[in-house]
Amino acid sequence: MTDNTLIAPASSQGNHRETISVIPGDGIGPEVVAEGLKVLKAVVGDDYDFEFHKLGADRWKATGEVLPDSELEELRQTRAIILGAVGAAPGDKTMPSGILERGLLLKIRFAFDQYINLRPSKLYPGVHTPLADWVVERGPVDFVVVREGTEGLYAGNGGRFRKGTHHEVATEVSLNTAYGVERVVRDAFERAQRRRNKVTLVHKHNVLVNAGGLWNETFNRIAAEFPNVETDYLHIDAATIMLVQDPQRFDVIVTDNLFGDILTDEAGAVTGGIGLSASANINGTGEFPSMFEPVHGSAPDIAGKHIADPRATILSMAMLLDHLGRPEDAKRIEKAVDDDIAKHGMEQRHTEQVGDAIASAV
Ligand code: IPM
Ligand code: MN
């Protein structure tokens, strides 16, 4: 198994509490992060110090390092983490698949017990969507996926045996703990109470009877504590259809790590593209820093062209402020992005231009 050991919680007395770590990363990461920080600073002034970490494909290629423990410890001592995107181009043979994913992104999510991977989706007026007119006419699309972030098929519970022979065996076992499922399901219900009071569980309990059984039973048990919250269940395959044909049925979706990964890419696509999809990896107890990142990747093909849409990162800054207990400041950013989308839609603008416009509007 991968070493997912939790490291000791940060002391609340630490003198680095008001520092935010920034990992601009690769490709368009640094470009969108610069705009995110521009908008964030326009709202919070100099309330926070920022500590930059050069991590990602370039660092690995130059030094062979992914995320040294000493640097993980530095991240741990800060209040929150902002991540742009990491990863080399898909065809880049010099960067083997999995190194950065497991060694950097998932290492942070696991080490800091970021069990709530929060991914909101909203269809803004004026945004191009592949949804059919008859679907859009039904009403606003506004839901959030609460994706489990530390377990499931991502846990690294597997191995390859008799490698390279005809008898090779490869396993990848989904790990689901009662504790892990309960805490994320509970978060979904609490979140629904602050929204439109509906939670949909997405799984595949007709086939994955073990993991699905635990999720389903936990969901029903927690649901009983929230009698005012409507519940719904969809198998993952049906959920992918509903997201396209009836996205208005969703308020809060709760699901496991891999189903959530897939569903949130689809959610981004149906609501105007992942250029607008923000996300938060939250440690719900506050023992460790949470991490805020756009859902999109490093897009090396457009890096340096200054055409990346920074609005997903900017919206992630709103999620960060919400998490830091500044909901009014978060709303200022959301409102400025709403207005920017209303005015400019998906018009092609320079990355900096978008950041400047939103920063001056907050
Ligand atoms: C995401 C990404 C990651 C994931 C990868 C890069 C490890 O696809 O944040 O959705 O699968 O969680
Ligand atoms: Mn993904």
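How many salt bridges does the count come to? A salt bridge is a side-chain nitrogen of Lys or Arg within 4 Å of a carboxyl oxygen of Asp or Glu. By this rule the count comes to 32. The model is predicted, so local features need pLDDT of at least 70, side-chain atom pairs count only at pLDDT 80 or more, and totals for chains, interfaces and linings use all residues. Residues are numbered from 1 along each chain as its sequence is written, chains are lettered from A and ligands numbered from 1 in written order, and side-chain values use heavy atoms, without hydrogens and water.

One salt bridge joins glutamate 71 to arginine 59, with the closest N and O atoms 2.8 Å apart. Glutamate 71 belongs to helix H3 (residues 69-76) and arginine 59 to helix H2 (residues 57-63), so the pair ties together parts twelve residues apart in sequence. Helices are DSSP runs (H or I, at least four residues), numbered from the N terminus.

Around ligand 1 (a heavy atom within 4 Å) are Glu101, Leu105, Arg109, Arg119, Arg147, Tyr154 and Asp261. Helix H4 (residues 99-111) gives the most to this shell, with three residues.

Polar contacts are pairs of N or O atoms within 3.5 Å. An oxygen atom of ligand 1 lies 2.5 Å from a side-chain N or O atom of tyrosine 154. For arginine 147, a polar side-chain atom is 2.8 Å from a ligand 1 oxygen. For aspartate 261, the corresponding distance is 2.9 Å.

Notes. Polar contact = N/O pair within 3.5 Å; in protein donor to acceptor, adjacent residues only side chain to side chain. Helix = DSSP H or I, 4+ residues; strand = E, 2+ residues; numbered from the N terminus.
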